[in-house]
Every structure is written in structure tokens, then in C-alpha cells.
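Grab the model and work through these two exercises on how its pieces pack and pair. Each task comes with a worked solution.

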Amino acid sequence: MKSTKERIQDYIIITIGTIIASFSVFFFLTPSHLAVGSISGLAVLIAKFVPMTVGTLLIILNGICLLLSAIFVGKEFTYRTLYPSILLPIVIRILEKIYPNMQSLMGDQFLDMLGYLFLYALGASLLFMNNASSGGLDVITKIMNKYFHMELGTAMSFCGMAVAIPSIFIYDIKTGLLSILGTYFQGIVLDHFLLGFSIKKKVCVVSDHIEEIRDYVINVMHSGATFYEATGAFDYRHYKELNIIVNRQEYVTLINLIDKVDPDAFVSVYNVSEIMSHTWGRKGGSQNASRK
């Protein structure tokens, strides 16, 4: 269970991610009439046919998607999605009041698409990293990720095409093609941000001071570690290899400690993008999976 401080930190990040996503929709997506695959793009399309603003339509569509989230994803994700799904249209409504006749910032649909892609992908990645989403098609993306084991970016591009492709028949061909292209690249950019935020380091250490390093990892860093028995091919000497999985900040701390304790230690480092186990550490094995 997370502490109150950790939960507050999570919701601060969720708030920031939601505001970033809101800005991307209002300042880049809506003025250029792009239908890049998202619930916001769907709202932009529907707004062409019904007397409702994009902000109002987002509230209605998000309500439907939240129901699907509760049924197919789970309570925690739904609770964490409820807040941003309410906040996003509220922020857009506020921006609509402040800038009632908002025009394209860049004056070019392609540049607006790029601005939207990077801003929205950044905001969405902050939400997904905290087991939340902005609602709408992001919920469908999470459902596809859960049941079909698709990467979040791939799932977002796939379901977003259902919004982007019809734009060809509603707007001109240029707008439709840009919407389809933007939907495709949106998933790529999202995966890029998610990988950058979530990537960890697996550090493998062989040292004559391995117990001192282990003590620091366990009692100071409060992380987990795993010992492996290794044998040198040259002299058949037996070693203990210490394996630790750390985030970027912990990695710097750990390397500084190793350099201080044993400058001659043999260290190999690997990038880790995904950890599957969540309970093994509680059964007496490595604590890495349960903590990370």
C-alpha cells in the first residue's frame, strides 16, 4: 500500500499530465480541426454535427468510457481515471472562456499536429505511468493492453484509427490524411515517452567487497538484490555476482558507492523496460520485483 505522501505525489503528477493533455487539445487539435485518434478527436468530429462544444461532448463521452473501465479494467484504474477525465474537459472549458475564438497557433495543420502529438503523448504517459488515463479512448487503449497484451502506443494507434479514418469524409483529404498520420505517430511517441520514464537498470557486480555493497543496497537504498554463483573461466575461481534493479536516480547513487568501495569491481549494466513479477520478493526471493 502506498503512503499518503506517495499518493499525493501521484495525483500531483496526474494533475500535471491532465493539464498538459488539455492544452494540447485546445491549442493544437481543435483549431486545426484535426481528428487525431483520441476521444478529443472524436468530440471534434461530433461537434461538427451537434450544437455542443468540445468540452461538453468530452464529459458525455468520458462517462461512457468510465463505465467500460469499471467493467473491464478495474476499480483502481477507474478511480484514478475519474479525476483526470473530469479535470480535462473543465480545463478546456476554462480555456474556451478565456480564448473564445482560438485560432491555430502555428498557422499550419502539420505543425499543429506535431505540437499536439508531443504534448498529448507527454501528458498521457504521465497518466499511464501512474495507473490512470485521461479517459475516453485511453480507456479503450488500456483495455486492449490488458486483454490483448499490446503495447500502449500500438493500442492507442489501432483504436484511434476508428476516429481518424472517418475524418477524410468529413473534412478535406489533407486534414484526413494528417489525422491518420498523426494517429499513427501518436502511438510511437507515447511508447517513446513511456520507455523513457519507466526504463530501469539491471546492475551486475562482481567484487571482493560484495558484502559491503550488498549491505548498502539493502539497508541504505532499501532496495532488493539477488546473488548468483559465478565461476571465472581463466582461473576457475568462484564468485558471488550481485544483481540489482534500480531506477535512474538509484543507479547514480549505486555506481558512486561501488567506485568508492571497490574501484576494481567488475560491473555490467543492462536496460530493463519491464518487470513482470509483483509477489516473488514477498516469498523470500529478490525484492526487486515487488518494489519496482
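**Exercise 1.** Work out how helix H3 (residues 54-72) and helix H6 (residues 137-148) pack.

*Solution.* Start with the geometry: the H3 and H6 axes lie 9 Å apart, at an angle of about 20°. Axes here are lines fitted to C-alpha atoms over the stretch in contact, with angles from 0 to 180 degrees between N-to-C directions. H3 and H6 are therefore roughly parallel (angles under 35 degrees count as such). Next, handedness: H3 and H6 cross in the left-handed sense, meaning the near helix is turned anticlockwise from the far one by less than a right angle. Then list the contact (heavy atoms within 4.5 Å): H3 brings Cys65, Leu68, Ser69 and Phe72, while H6 brings Leu137, Val139, Ile140, Ile143, Lys146 and Tyr147. Finally, sort them: 8 nonpolar, 1 polar and 1 charged.

A note on the source: this is a predicted model, where local features need pLDDT of at least 70, side-chain atom pairs need 80 or more, and totals for chains, interfaces and linings use all residues. Residues are numbered from 1 along each chain as its sequence is written, and side-chain values use heavy atoms, without hydrogens and water.

**Exercise 2.** Find out how strand S3 (residues 238-246) pairs with strand S2 (residues 226-231).

*Solution.* Pairing takes at least two DSSP bridges; S2 and S3 have 6, in the antiparallel sense.

Note on methods. Helices (H or I, at least four residues) and strands (E, at least two) are DSSP runs, numbered from the N terminus. Angles under 35 degrees count as roughly parallel, over 145 as roughly antiparallel, 65 to 115 as roughly perpendicular and the rest as oblique. Ala, Val, Leu, Ile, Met, Phe, Trp, Tyr, Cys and Pro count as nonpolar, Asp, Glu, Lys and Arg as charged, and the others, Gly among them, as polar.
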